[in-house]
Amino acid sequence: MAVKLSLKTELDVPVEVDGIVPSVVGGKTLEEIQSLEVYHGNRVVKLGEIFNVSLEEGEENLLICEGDFSKVKWLGKGMDGGKILVRGNVGPHCGAFMKGGEITVEGHADDYLGAEMVEGVITVTGNAGSYTGAAYHGSMNGMKGGKILLEGNAGSYLGEKMKEGYIEVRGNAGDFVGYKMSGGKIVILGDSGITGAAMKGGEITVKGKCELPPSLKEEDGKYVGDILEGGKGVVITG
Amino acid sequence: MRVLYDMKCTFCGNVCDDILIQIDEDGVSTKNTCKLGYHKFLDHPRIEFPQVDGQKVSYDEAIETAAEILVNSKKPLLYGWASTVNEAIAYGVALAEKLGGVYDNTSSVCHAPSTLATQETGIPASTLGQVKNRADLLIFWGCNPMSAHPRHPTRYSVFPRGFFVEGRRKRHVVVVDVRKTRTANIADEFIQIPPNSDYHIITAMRMILAGKEDDLPNSVAGVPAEKLVSLVDKMRNARFGALLYGLGMTQSRGRNKNVENAIRLVQELNSHTRFVIQPMRGHFNVVGADQVPTWEVGFPYAIDFSRGYARFSPGEFSVTEILRRKDCDSALVVSSDPAAHLPARSVKHLADIPVIQIDPHPNLTTRFAKVVIPSSLVGIEAEGTVYRMDGIPMRLKKFKESEYLSDEEILERLYHKVVELMGA
Amino acid sequence: MNLIIRNGIVYDPQNGVAGEKMDIFIENGTIVENLPKDAKVIDASGKLVVAGGVDMHTHIAGGKVNTARVMRPEDVKSGIRRNPGFRAESGYTVPNSYGIGYRYARMGYTTAFEPANPPISAFHTHEELDAIPMIDKGTFVLSGNNWNVMEYTKKGDMEKLAAYMAWLLNRTKSYGIKVVNPGGIEAWAYGKNMRGLDDVVPYFEVTPADIINSLVKVNEELSLPHPVHLHCNNLGVPGNFETTLQSMKLVEGIENKDRPVLHVTHVQFNSYAGDSWKTFSSGAEEIARYVNKVDNITVDMGQPVFGSATTMTADAPAQFALHKLTKAKWSNMDVELETGAGILPFFYSPKNPVTAVQWAIGLEIGLLVNPGKVVLTTDHPNGGPFTSYPYIAAMLMSRKKREEELARVHKLVEKATSLPSIEVELTLEDVILMTRTLPARLLNLEKKGHLGVGAEGDVAIYDFNPLEADPSRDYGVVEKALSSAEVTVKGGEVIVKDGNLARQVYGKTYWVNTYTDDHWSLIGDDVINLFRYYSLEFSSYGVEEEWLKASHPVEVS
């Protein structure tokens with residue numbers, strides 16, 4: 001059985017649903033799922049107070065989020081398996097710290113999509129905000145593994161401090177793509193802003209136009225750097 | 001006639017503490033202030049009495065209504081703080097924590113990128129007296145103190161007679177900016193850079209310092225490399241240099257990355273000579289508005305308490321973002337005017353939620369406010385502690401009695417009212 | 001409230017009590033001889049009862065602590081704790097003010113002193129001290145690079161120097177004189193440092209030795225309650241134990257019957273032999289031998305503990321050197337005419353040869369110096385957080401525990417230190433001495449650190465029976481018990497119960513008031529003259545008593 005959530009009413013302040021992941025809701029009864037706790041602003045509420053919860057025929061460990069979830073934060077935080085399908089937009093921190101499984105967003109994602117994720121696959125048909133696959137403030141590393149696929153555009157700081165894994169953006173990306181990244185791959189099919197700054201390792205490919213800081217050095221048609229960091233990162237353009 | 005010496009000016013981050021105030025039957029007059037400071041001590045329209053929905057009420061009624069609004073909110077935003085005293089801010093932070101709300105201050109729209117940069121790389125700084133006594137090289141980057149901090153050049157940086165540096169002639173002054181400012185007029189050198197090129201130019205300077213200038217193109221973002229080589233040479237050869245930067249660096253493309261890059265440049269310069277970097281902070285206590293919550297709860301701004309402890313996330317909890325996202329359901333605005341200063345899309349949400357304002361003066365935000373609570377003027381009618389832009393604590397004195405409660409008194413009462421409504 | 005703490009197993013080295021079953025009576029916040037009226041009874045049967053802990057060197061307040069919090073969100077995030085009914089706490093090495101007070105209280109400590117107060121921003125230090133609940137507090141004023149101090153030292157004018165220090169202690173509401181890298185921080189303003197006691201401070205033409213000598217002299221002249229609190233030159237440099245010994249020898253022949261004349265702080269960081277990081281080894285035995293031999297010097301450990309630390313000190317040049325070595329993020333603050341600061345994160349790894357040896361050196365100091373002369377500290381948070389004290393106590397009391405730890409540390413420890421061969425195991429009484437009696441005595445706080453009649457009602461009760469548990473063998477039990485007091489009593493109030501916060505109180509701030517108008521007539525003109533070079537007016541300088549939450553001036557005869 002799959003579990004389906006949809007909002008009862010439009011949200012005023014955001015709801016934070018960390019903990020509501022496929023491996024937790026899977027196998028539970030409707031009542032059990034409805035009584036799981038989430039944060040609605042400063043109030044702890046039951047999941048069933050905010051969402052219509054239903055069980056549907058479908059894959060085991062599938063969580064379907066129907067409608068506009070743009071004020072729903074931390075969806076799929078740290079999830080370790082199963083699938084989440086969002087039929088609409090989703091709020092910040094979707095898939096942050098994810099350890100496995102799949103998230104598909106049929107809409108737009110917000111900031112911190114897949115931030116510090118370790119494993120798993122995130123696919124977004126629309127755009128994502130800033131800090132996709134990035135590190136939180138103060139953290140040493142961003143994304144450490146897994147894949148993020150964006151059919152639309154990415155905001156700024158895509159893959160900041162990324163260590164391993166793969167990010168593909170079909171559209172454009174903002175400034176500071178791969179800032180301080182140390183490993184992994186980023187592919188951008190469109191254009192990007194400042195790219196490869198403070199890079200230590202890893203590889204960024206930009207098919208369209210991009211802007212490189214002067215601290216990347218051209219070598220055999222590629223750009224290597226950031227030389228101020230003694231970096232061995234590679235940016236491939238065009 | 002009363003004459004008061006060494007009074008402190010509560011306009012900008014300079015917090016000049018040599019203001020002379022004369023009080024006679026004609027009113028208050030001042031000496032030693034700059035134009036901005038002079039203006040600060042003049043009489044301005046006041047919020048005359050506490051109001052709820054435009055109706056005059058008592059302080060107690062206004063505070064009670066405010067407390068009820070806040071207690072009934074799921075995510076109240078408590079914003080402002082840069083133009084009040086530490087003692088009031090401490091109550092504000094306690095209130096935000098108690099309510100499970102959000103604390104943010106005006107730095108989130110000016111020098112927050114400096115905080116983010118400091119989180120990444122630290123910051124080698126000094127007090128202003130160190131600059132005055134030792135700096136033989138001053139670089140003003142993206143800041144215009146002659147207009148924004150008018151007495152900074154005379155008291156702390158360009159002109160004063162320092163212990164080891166005898167005065168203006170012994171200092172080399174460089175202005176780096178996108179346009180020729182009034183500060184550029186008093187500088188020895190003006191380097192014009194194109195808007196939004198800071199990151200690349202600072203990167204090029206770091207490369208020059210690291211001996212990698214051969215890897216540079218002839219010009220970086222339109223600035224000839226040789227000009228940057230000459231600037232870096234001056235920096236390396238200074239005995240004590242100071243890079244003083246402003247919103248031109250923090251609020252242009254690159255933001256915190258610009259600042260981080262500039263801090264790295266200064267850190268690297270310390271292997272060659274002594275160099276410090278200092279943000280030119282705006283409001284007279286915006287530093288306190290960062291420092292107080294930092295010791296109270298661990299973070300300086302953009303703090304959410306909905307889980308009972310502090311979480312820092314500027315992309316969600318800074319004033320611009322939380323309003324743009326329509327994520328808060330009420331707002332307490334203290335000594336600030338977000339309606340005048342924030343982007344229109346953020347201000348729009350203020351019209352849709354109950355707003356409580358604590359301020360001596362009516363402003364644009366007053367129009368949005370359901371509850372308006374007048375306060376006394378800090379540094380004139382109320383005492384308290386503020387931090388100068390370099391973190392030096394300054395105790396403000398009062399020299400006038402006021403019929404209004406101080407920010408500190410209002411917030412203390414509001415805090416206790418909230419505790420009463422919520423229970424300990 | 002009056003209290004009877006019944007049937008506890010009491011250790012009170014000051015009063016010669018070691019493991020006696022007895023009752024403690026507290027009336028109106030003070031320990032009394034006779035059964036008080038209307039007293040609440042706390043049953044402490046079979047539990048350890050000691051005085052509240054006293055930390056005489058812990059960086060808990062002021063600009064550099066707050067800068068560390070700003071630059072270390074990763075640390076702030078790592079120590080989150082909700083405390084329903086109380087304030088939340090955060091941070092591991094740099095807790096928020098509430099976290100500091102609560103953690104000390106939970107550990108059974110009731111007093112802590114911030115050892116680095118920069119005069120110009122003294123009120124910031126006090127604002128943060130005032131924000132710390134639960135404990136009594138105080139601070140030492142940074143003096144070893146102060147222009148007035150160097151001027152008077154150069155002129156040899158001890159009378160004026162004494163007057164100036166009396167004024168400075170008063171203006172900054174400080175409790176004692178702190179000297180950090182004398183002369184070196186001034187030199188750092190132009191990128192230099194002091195490498196030996198006879199180096200000459202640029203422009204001021206005095207040496208570190210001159211500065212130490214004159215401040216020790218003045219400290220005695222003023223009969224200050226605390227000895228000069230010295231952070232030696234060359235901190236963190238291989239071979240620095242020689243500088244430390246030389247610094248100690250400066251006070252040869254200077255005696256004070258009530259207390260030592262010099263306290264050399266976090267001496268672990270200044271007990272290094274070798275001449276580079278390649279030949280780095282321990283100089284702890286030499287330091288310990290000297291300290292044990294003389295009567296006028298004490299030390300504290302500055303023990304590193306494995307894991308994350310935040311280094312913060314006025315010794316700005318040492319911090320820049322560390323930044324160059326580790327490449328970690330680095331903050332600096334040059335403080336005009338007075339001092340400086342440097343802050344960076346650090347990690348003590350058991351596998352790293354240098355940090356493993358530092359760890360061993362701290363323990364050598366703790367084991368080899370007579371327990372009546374060494375205070376247990378980590379130089380929080382330089383060696384790690386103060387919450388590691390129970391771990392350190394267990395290490396000092398149990399060779400078995402040390403052997404377990406030695407098995408996981410870098411082998412250089414065997415070659416470069418004597419730790420593996422040290423058989424000494426301190427007793428519980430020794431540890432109580434090092435954490436209560438001695439620090440209180442060094443602060444000359446007569447009502448602290450013991451449980452005799454007249455002492456303040458600061459008591460910690462730990463849930464283990466010292467007559468049954470042997471710290472050498474049962475170190476796990478002892479460490480766990482010391483980590484979380486079952487009951488902490490502060491000034492007669494139960495502030496921690498069953499290991500949980502019970503009541504929020506605010507302690508007092510001690511400072512020394514020895515200043516008189518006569519002092520001012522000696523130095524007033526000099527002080528005012530120098531304000532031409534400050535960036536603030538004379539009238540903006542300093543802290544008024546009424547600004548403090550609970551001022552507790554100590555008069556000196």
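The domain assignment of chain B gives domain 1 (1-43), domain 2 (46-109 + 284-422) and domain 3 (112-279); such bounds come from an automatic or database domain assignment. This is a predicted model, in which local features need pLDDT of at least 70 and side-chain atom pairs count only at pLDDT 80 or more, while totals for chains, interfaces and linings use all residues. Residues are numbered from 1 along each chain as its sequence is written, and chains are lettered from A and ligands numbered from 1 in the order in which they are written.

**Domains of chain B**

- The centres of domain 1 of chain B and domain 2 of chain B, taken over C-alpha atoms, are 26 Å apart.
- Twelve residues of domain 1 of chain B touch twelve residues of domain 2 of chain B; two residues are in contact if their C-beta atoms, placed from the backbone, lie within 7 Å.
- On the domain 1 side of chain B, strand 1 (2-7) and strand 2 (19-24) each supply at least two residues. Helices (H or I, at least four residues) and strands (E, at least two) are DSSP runs, numbered from the N terminus.
- This side of domain 1 of chain B has seven nonpolar, three polar and two charged residues. Ala, Val, Leu, Ile, Met, Phe, Trp, Tyr, Cys and Pro count as nonpolar, Asp, Glu, Lys and Arg as charged, and the others, Gly among them, as polar.

**Domains of chain C**

- Chain C is split into domain 1 (2-51 + 450-501) and domain 2 (53-442).
- The C-alpha centres of domain 1 of chain C and domain 2 of chain C are separated by 29 Å.
- Domain 1 of chain C gives 27 residues to the contact, and domain 2 of chain C gives 26 residues.
- On the domain 1 side of chain C, the elements that give two or more residues are strand 5 (48-51), strand 19 (459-462), helix 17 (475-483), strand 20 (487-490) and strand 21 (493-497).
- Helix 17 of chain C gives the most to this side of domain 1, with five residues.
- By class, the side of domain 1 of chain C that touches domain 2 of chain C has 16 nonpolar, seven polar and four charged residues.

**Contacts between chains**

- The contact of chain A with chain B takes 24 residues from chain A and 28 residues from chain B.
- The chain A side of that contact has twelve nonpolar, seven polar and five charged residues.
- Between chain B and chain C, the contact takes 52 residues from chain B and 46 residues from chain C.
- Elements of chain B that each supply at least two residues to the side touching chain C include helix 3 (86-99), helix 4 (112-121) and strand 8 (124-126).
- Helix 5 of chain B has the largest share of the side that touches chain C, six residues.
- The side of chain B that touches chain C divides into 19 nonpolar, 21 polar and twelve charged residues.

**Packed helices**

- Two packed helices are described by the angle between their axes and the distance between the axes.
- In chain B, helix 2 (residues 59-71) and helix 18 (residues 407-422) pack at about 55 degrees, with axes 9 Å apart. Axes are lines fitted to C-alpha atoms, for helices over the stretch in contact, and angles run from 0 to 180 degrees between N-to-C directions.
- Helix 2 of chain B and helix 18 of chain B are therefore oblique to each other. Angles under 35 degrees count as roughly parallel, over 145 as roughly antiparallel, 65 to 115 as roughly perpendicular and the rest as oblique.
- Helix 2 of chain B passes helix 18 of chain B in a right-handed crossing. A crossing is left-handed if the near helix is turned anticlockwise from the far one by less than a right angle, and right-handed if clockwise.
- Residues making this contact include B:I63 and B:L70 of helix 2 of chain B, and B:I410 and B:L414 of helix 18 of chain B.
- The contact of helix 2 of chain B with helix 18 of chain B has ten nonpolar, no polar and four charged residues.
- In chain C, helix 5 (residues 147-155) and helix 6 (residues 158-172) pack at about 165 degrees, with axes 8 Å apart.
- Helix 5 of chain C and helix 6 of chain C are therefore roughly antiparallel.
- Helix 5 of chain C passes helix 6 of chain C in a left-handed crossing.
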